[in-house]
Each structure stands twice: as structure tokens, then as C-alpha cells.
Amino acid sequence: MTIPQRDRSRPISRSLVFDLQLSWQGYRVNKMCNSLTDPANRAAYKEDEEAYMERFGLSEAQKELVRARDFTGLLDAGANVYFLLKLGVVTGVPLYAMGAQMRGETYEAFLATRNDKGAT
Amino acid sequence: MGRIIAGIGTSHVPSIGGAYDRGKQATPAWRPLFDAYVPVRQWLAELKPDVAIMVYNDHGADFFFDKYPTFAVGAADGYAIADEGFGTRPLPPIHGHLEFSQHLCESLVYNEFDLTVCQEMRVEHGFLVPMHLCFEHTPDWTVAAVPFAVNVLQHPLPTARRCYKLGQAIRQAVEAYPKDLRVVILGTGGMSHQLTGPEFGKMDERWDQDFLDRIENDPESLCDLTHQTLMERYGAEGIELIMWLVMRGAMSSQARRVHRNYYAPMTTGMGLITLEEPA
């Protein structure tokens, strides 16, 4: 018997769970992020972000989210957080800064909520 | 014949790798984590395992969603260090155990686990952080390894029960290996963390401690938890804890706990438990 594993009527932490539907939606963004595991591609991205996004066939809406460094918007559009970390490297936005943005806080305000902010 | 001698549950948080590479092990913020692994390395050095089966997940370093395996196992004589997007970490390449890996794949597939077998794999923090926390590697690794990747990223994921059964099948495979081989199995990931949305950084020490209790004394009670329940307790990313059940399934009910630690400085509950089989 198949036991349902998820209850979509009860969101997890007011956030989306990365599943096949989201993965399909965000496929091109995630594919672009995945390519950034190659140092030559990281250099190409930094050299010309617009051309790089074009190369991976991002839609105008997706490009706009990347330009705005809107990580909440990207997650909602199907980007996976672990792939966004790679985009964070080339755009200078580390995980905790992304997290502060998701929480709607400044980086400093977010750090102040942690048990030991020395462990960054 | 082969024998499982020990099991370890441990977090694999990438910032641990960063702190390690920057030599921050002795800073006040990191000591409570790194100090806990000193006796673990000593214990493992005395146990002298030949092979470590590392149950982990890739975070987009080697696998992409074009083809995404539920269970992927390395069957090679070595594994390169992956570039996750910030360069390659200064660690020696991983030694594989080709013959044992091939045996493990054959045994698991005939035991009805339909694996993706990988003759090339690059390993990243999910694998590497537990490796360098637990095993000496200067100038070289003191143990061979089998990377065992589980999909905990793109739902649908394997169920908790499936992970536990996989561990039981791994134990059978190890015991059917015809040569003397001492095997340690590591289940990695977690503990509680939520890395998306307005509750970014949410952790729950109470549930993490409960998981540590249960993985030691009553793993069966974790096997019927749905992904929904697991994510409500541990966060969307905390679902990685199902990989600890693979480790626990490979251990006997006689295994006794040796080490336990918990530390949650930033955004992830960092847990550790070690179990040893009777000699």
C-alpha cells in the first residue's frame, strides 16, 4: 500500500518543498547554477552575466530575479537552495546573507538571532 | 568474511569544511564541534576499519536533475574531490575499494535494491566533511571508502522505512563478502535545518535530541514517520536525517553507543552518535 509522504495542505515552515513540479519549473536556473562548478564558467559568468543567462535559455522573468538577486523569488520559481549557493559565489551573496533576505532582515539582525555567530 | 564493526551518524554541514580549511578548530565557536571528533578519530584508529561506506547526498556537485538517482553507489578504485562552486578543497583524493564495491552492488541489486552504479564519482561536502572529521588523512587517508548517494533533494524521496531496509540489505551484503573485511558505515546529514523561506535558520534541539535517543535505542519508531512529519520536526532540509536510518539498519540490536554530541551554533543542529558492534 502506498503511504502518502506529504500533505501539501500543510506547508513546511511557510516555504515550498523542492519537488518534481518545482524542479521542472526551475530547471534552466538550476542548470545554469550547476554549470558554476567549473571555474572557467564562473569566470564567464562574472565577465558577462547577461550573456551567461542567455546561454542557458532563462526566461525574462527568471533573468529579472537573478539581476535583482531576489533569492526568495528564485526559490518560489523553482530554484533549489543548494544550487543557488553556487550563484551566491559568483554574485557575492553567501548563504547567511541569502537567509537574512528570506527572513526580511539585515544580515546583522539575522546574526544576532544565532546561538554563536562566531561559527559562520 | 566481511563484518560491520561500527556505525556513525553525523552532520555534514559545509561550514564545518570551511572552518577546517581555515584552521578554526580551536576557536571558541568551533571547539564544541571539533573537540567531539578527537575521541572518535582515536576510537576508529584502534578499530582499524578497512572500508567506510559513506551514506550521503550530493548537493549539485556531481549530480544534476537531468537524471537524478534515488540511490547511487560508487564502484571505482578512487574518487576525485569535486568543485562545488568555490574551488577544490585541499584534501587527498579518496581511495575506493573496487572489489568490495562491485560485490556490494551485485548483492544489493539481487536483493531488490535497484541502484545506479557509478564508475566515476566526484565527492563533495556531504561525503568529505564526515570523512575528514572521522579519519586521519595526513599525508593520506587511512581508510578506503564507498560513496553511497541518496536523493534527499528532489521529492519524491525514498521513505524512511526504505532507508532502514537498505541498511539491513547492506549488512547482508557485507556479511556475504568472502574475504575478511572490517567495515564502518556512516549515515550523514541533518540534523534540524530549514534553509528556505521566512523561517530560514529554524532549528529544534528538542527534536534533535529525541532523534539521537531513538536512533540509538528505538530506530524502528522512526521508520514509519512520513516525510511530512520529518520535515515538520526537522525542517525541509532536515529530511537528510533519513540517511542515518541506512546506517542504523546496517547495525545489530546489540550495538552499543560510544560517543554522542550536539551543537547548534548557527542554522543547523550538528549531531554525532557512534555505535560499536560487540567484538
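**Entry 1: the sheet in chain B**

I started with the open sheet in chain B, which has 3 strands in the order 5-4-7 and mixed pairing. I noted how strands are called: they are DSSP runs of E, at least two residues long, while helices are runs of H or I of at least four residues, and both are numbered from the N terminus. Pairing needs at least two bridges found by DSSP between the two strands.

Before going on, I reminded myself that this is a predicted model, where local features need pLDDT of at least 70, side-chain atom pairs count only at pLDDT 80 or more, and totals for chains, interfaces and linings use all residues. Residues are numbered from 1 along each chain as its sequence is written, and chains are lettered from A and ligands numbered from 1 in the order in which they are written.

Which strands stand at the edges? Strand 5 (94–95) and strand 7 (122–123) of chain B do, each with a single partner strand, so one side of each has no neighbour in the sheet. I then checked strand 4 (residues 78–81) of chain B, which pairs with strand 5 in the antiparallel sense over 2 bridges. B:Y79 has B:I94 in strand 5 as its bridge partner.

**Entry 2: helix 1 of chain B**

Next I looked up helix 1 (residues 14–21) of chain B and found B:S15, B:I16 and B:A19 buried. Buried means 20 or more other C-beta atoms within 10 Å of the residue's own, with C-beta atoms placed from the backbone. After helix 1 of chain B comes B:G23, with a positive phi near 70°.

Chain A has 9 helices and 0 strands. Of its 120 residues, 36% count as buried.

How many residues of chain A are in contact with chain B? I got 41, touching 40 residues of chain B; contact means C-beta atoms, placed from the backbone, within 7 Å. Helix 7 (81–91) of chain A is among the helices that each supply at least two residues to that side, and helix 7 gives the most, with 6 residues. The side of chain A that touches chain B divides into 17 nonpolar, 14 polar and 10 charged residues. Here Ala, Val, Leu, Ile, Met, Phe, Trp, Tyr, Cys and Pro count as nonpolar, Asp, Glu, Lys and Arg as charged, and the others, Gly among them, as polar.

Technical notes. Buried ≥ 20, exposed ≤ 12 C-beta atoms within 10 Å, placed from the backbone. Contact = placed C-beta atoms within 7 Å.
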